[in-house]
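Here is a short report on one protein chain.

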Amino acid sequence: MGHTLLGVLGLFLLNTLLYGHAEVQNYGEEDHSDGRKEPTAGRHRVTLTAYRPIIPLEGRVTLTCSVEDPAGFKYEWYRKAPGSSVKTLLQTENVDVPKRVITQGGKYTCRGWRREPYVVTSDSDEVVIEETVSNRATLTLQPNWPQIFRGETITLRCEIKDGGDTEWTYEWSPDNLNTPPTYNEYRIINATEAHSRRYNCKGRKDSYSSTEWSNVIKLTVSSNRPKAELRAYYKDIPVGSSVTLTCSVNPSSSGWKYFWYRGEKTSEPLTSQLSAAPIRVSEEGVYWCRGGRGEPVYYTEYSDPITINKNGEFDICFGNRMQMYDLFMIID
């Protein structure tokens, strides 16, 4: 008799320990409107899937909670808000439907329960859903040149319209640009052909909300350093006058200003005021030019040299006499 009583008491205590531990571990102190008691978790596998992981602007996403052997199951849905580790039970009009439409970003889970026999599944794995905000991301290139050459320095800048006081973080494409921390600028120093690709960006408001992707900038980096080309319409300077020198860059591109040299290439430029316009020179000698643009300045190759000569007074006078002689011949 004593041994039987002890055996029953032992089974009672074991049953209490097992069921009590499962309730605390799995469900804590959650209350249910229908007053049902919490059972132990069943062995039914539950899976949460999303039609797509990002909610489009002013759109929605459908979640599906799938339970293995789903006959008779009802469904509960939970969400963790940005910055929170606490899951919140979402109100549901129809607990019999294994689908739910959502319009907010967050971490979502679901589980199923059944009355007869009474079973509650474990929570599904978390599914992260992002929400698209109305702010617009715009990507710009500084300097905004249509062609970039090997060795130049450029900056891609991501700007958020009406960003306000939000502390945005930024996400870039390609993915290898997302080395934390991610700022709104991506600076390329000493560009190479490897930087030739498509770039875009978006702003992230928090863990589960971001802008749409920005416009795409297609960057093409030329492998060769361009060369300057120097031209002179006249190479002989008349007495008391000057000739015009014109410098350009081949292949043609925008943003260039020009450095002018007389004598050796290593000499100081003829003027400290850079300009894209031609210059006039009145001294003979060997002339060179090269282009420069950007900050820090990126230089082209030097042009080929041009030799400018200065005419003497005798040459000019002789030329005038010949012109006068030709004029008399025409009159006769």
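## Cysteine 247 and cysteine 289

Cysteine 247 and cysteine 289 form a disulfide, with their sulfur atoms 2.1 Å apart. A disulfide here is a pair of cysteine sulfur atoms within 2.5 Å. The link is right-handed, with 80 degrees about the S-S bond. Cysteine 247 lies in strand 21 (residues 243-250) and cysteine 289 in strand 24 (residues 285-293), so the bond ties together parts 42 residues apart in sequence. Both cysteines are buried. Buried means under 20% relative accessible area, with a 1.4 Å probe and protein chains only.

## How the model is read

This is a predicted model: local features need pLDDT of at least 70, side-chain atom pairs count only at pLDDT 80 or more, and totals for chains, interfaces and linings use all residues. Residues are numbered from 1 along each chain as its sequence is written, and side-chain values use heavy atoms, leaving out hydrogens and water.

## The other disulfides

The whole structure holds 3 disulfides. Cysteine 65 pairs with cysteine 110, and their sulfur atoms are 2.1 Å apart. Cysteine 65 has a relative accessible area of 2%. For cysteine 110 the value is 0%.

Cysteine 158 and cysteine 201 also form a disulfide. That link is right-handed, with 90 degrees about the S-S bond. In sequence order, the bonded cysteines pair 1-2, 3-4, 5-6.

## The whole chain

The protein chain has 2 helices and 26 strands. These are DSSP runs, numbered from the N terminus: helices are H or I with at least four residues, strands E with at least two. Of the 332 residues, 34% are buried.

Key:
Buried < 20%, exposed > 50% of the residue type's maximum accessible area, 1.4 Å probe, protein only.
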